[in-house]
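Open the model in your viewer and keep the selection panel at hand.

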Amino acid sequence: MTDGLPLPRRYIAVAALSAGTALTIIDGGVATVALPTIARDLHVDSSAVVSVVTVYQLILAMALLPFAGLGDRIGLKRMYQYGQLIFTVATILCFFAKSLPFLLIVRAAQALGAAAALSVSSALIRSVYPAKQLGRGLGINSVVVSSSAALAPTIGGLVLAIAPWPWVFASAVPFAAISLFLGRALPETPVAKGGFDVFGAVLCASMFGLVIGGAESAVHGDSPVVSAAIVLTGAAIGWFFVRRERGEAKPILPIDLLARPVVVLSAIGAFTAFTASMTLLLSTPFRLTHTYGFTAAEVGAAIAPWPLTNMIVAPFAGWLSDRYPAGLLGGIGMAISIAALLLIATMPADPSYFDIAWRMALCGSGFGLFLPPNARLIIGSAPRERAAAAGGLVSTVRLVGQTTGATLVAGLLAAGVGAGRVPALVAVGLALIAGLCSLARLRPAIRNPAPAEAEDAQPAQHLN
């Protein structure tokens with residue numbers, strides 16, 4: 001198989017993938033700004049309109065791994081472009097939404113399109129770049145993710161200032177159009193033989209949907225017993241699903257990959273890292289507003305150094321991950337983040353903007369040093385025919401980690417400790433787990449998988 005695409009086709013393919021990634025991240029973030037306007041225009045309560053965001057996240061989590069498996073059967077390029085097309089059509093339907101139920105159906109369709117594209121994007125990155133530049137490619141993708149997340153609220157606010165709220169969702173359509181047009185340069189990948197496991201896909205989606213939905217209802221709902229029953233039902237389905245997947249040659253839930261210590265350690269590290277970062281980022285505005293009296297504009301300016309620093313560090317970390325073990329880079333990154341989180345937890349009683357900004361920048365750089373090498377190791381450690389499954393695992397872990405962080409913050413706020421230093425201290429514990437998982441991968445037996453098990457595994461020669 002050819003090692004990456006030739007130039008300049010590679011640059012065109014990278015542009016297509018970057019535009020597709022930007023649309024999924026922006027579409028997930030712009031809606032938050034428009035929620036009050038949507039509630040007013042559709043005459044619904046503020047508590048109900050939040051479902052416009054949560055249904056998108058829930059469908060995304062449910063569909064990522066099944067779509068990764070389907071992408072193996074129909075081709076990664078085709079799956080990616082089908083996703084862009086579904087998203088674009090669903091966005092057009094937003095203009096016909098005159099009620100909340102119809103808008104939720106459209107948002108679910110948008111999430112399905114985004115999931116189809118996102119589920120195979122990492123596998124396509126592996127096919128686009130040469131193996132020795134895989135970390136660089138994932139670092140660039142991390143920059144697209146962080147910059148899109150930072151720009152989403154600004155784009156939403158600008159659109160609302162000049163147009164009705166349906167145009168907020170349409171703001172991501174140009175990225176879909178660019179991605180579809182340039183997508184002709186994406187590589188054609190081999191198609192896996194055999195049929196698609198529809199029942200397994202339903203079980204996978206049900207497991208994630210019930211567990212995540214039940215956890216959300218436990219925080220926002222009125223019946224803990226019902227919420228617990230939903231979560232337990234999802235866990236029971238998950239138990240049956242995992243047992244069933246053990247007999248599959250290419251399971252939808254990639255337990256064949258998770259059976260490898262290097263992958264499972266990387267997945268646990270990524271989950272705890274994303275949970276830690278989301279816990280801090282979502283709780284900080286409450287702390288700055290309620291404890292220190294910051295205005296909304298001041299809160300945004302104080303948090304901005306995190307994504308800005310991440311945008312600088314992530315591509316550099318990706319470049320380093322092509323040369324040095326992810327275990328070392330991740331350990332250093334989490335050590336930096338733990339120190340920064342402790343400094344954030346112990347901020348002075350009357351902090352200045354600079355007191356907060358440099359701490360946020362330091363924390364963002366630590367996570368930026370951890371995440372791209374970690375993703376490179378998961379994707380590079382999988383056989384090429386399981387690249388889509390590995391990419392789906394990376395995306396699912398990120399989304400579930402972020403959702404867990406959001407649920408954790410909601411629980412801390414409900415307990416009355418979410419606007420102080422407690423979330424930062426909780427994030428310290430989570431970052432410590434991520435750091436220990438990363439350092440554990442430096443053991444030679446874990447760091448250097450057998451050639452028959454992995455083709456583009458993490459470079460190790462610099463520590464030999």
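Start with the second largest pocket: select Met 207, Phe 208, Phe 271, Thr 396 and Val 400, which lie nearest its centre among 20 lining residues. Here a pocket is an open set of points on a 1 Å grid over the protein atoms alone, where a 1.4 Å probe fits, with protein on both sides within 12 Å along at least five of seven lines; lining residues have an atom within 4 Å of a point.

A word on the model. It is predicted, so local features need pLDDT of at least 70 and side-chain atom pairs pLDDT 80 or more, while totals for chains, interfaces and linings use all residues. Residues are numbered from 1 along each chain as its sequence is written, and side-chain values use heavy atoms, with hydrogens and water left out.

Helix 9 (198-220), helix 12 (261-291) and helix 17 (387-414) each give two or more residues to the lining. Helices are DSSP runs (H or I, at least four residues), numbered from the N terminus. Which helix gives the largest share? Helix 17 does, with seven residues.

Colour the lining by residue type next. You get 16 nonpolar residues, four polar and no charged. The pocket volume is about 560 Å³, taken as the space filled by probe spheres set on the grid points.

Move to Ser 365, in helix 16 (residues 353-380). Is Ser 365 buried or exposed? Its relative accessibility is 14%, so it counts as buried (under 20% relative accessible area, with a 1.4 Å probe and protein chains only; exposed is over 50%). Show its contacts (heavy atoms within 4.5 Å). Leaving out residues up to four places away in sequence, Ser 365 touches Thr 309, Val 313 and Ile 336.

Next, the rings. The structure holds four aromatic pairs (ring centres within 6.5 Å, using the six-membered ring of Trp; planes under 30 degrees apart are stacked, over 60 edge-to-face, the rest tilted). Select Trp 165 and Phe 169: with centres 6.1 Å apart and planes at 90°, the pair is edge-to-face. Both residues are buried.

Then select Trp 306 and Phe 367. Their centres lie 5.3 Å apart and their planes are at 25°, so this pair is stacked. Trp 306 sits in helix 14 (residues 305-321) and Phe 367 in helix 16, so the pair ties together parts 61 residues apart in sequence. Trp 306 is buried at 6% relative accessible area, and Phe 367 is buried at 2%.

Last stop: Arg 184. Its charged end sits over the ring of Phe 181, 4.6 Å from the ring centre (CZ of Arg or NZ of Lys within 6 Å of the centre and within 35 degrees of the ring normal).

Methods: Ala, Val, Leu, Ile, Met, Phe, Trp, Tyr, Cys and Pro count as nonpolar, Asp, Glu, Lys and Arg as charged, and the others, Gly among them, as polar.
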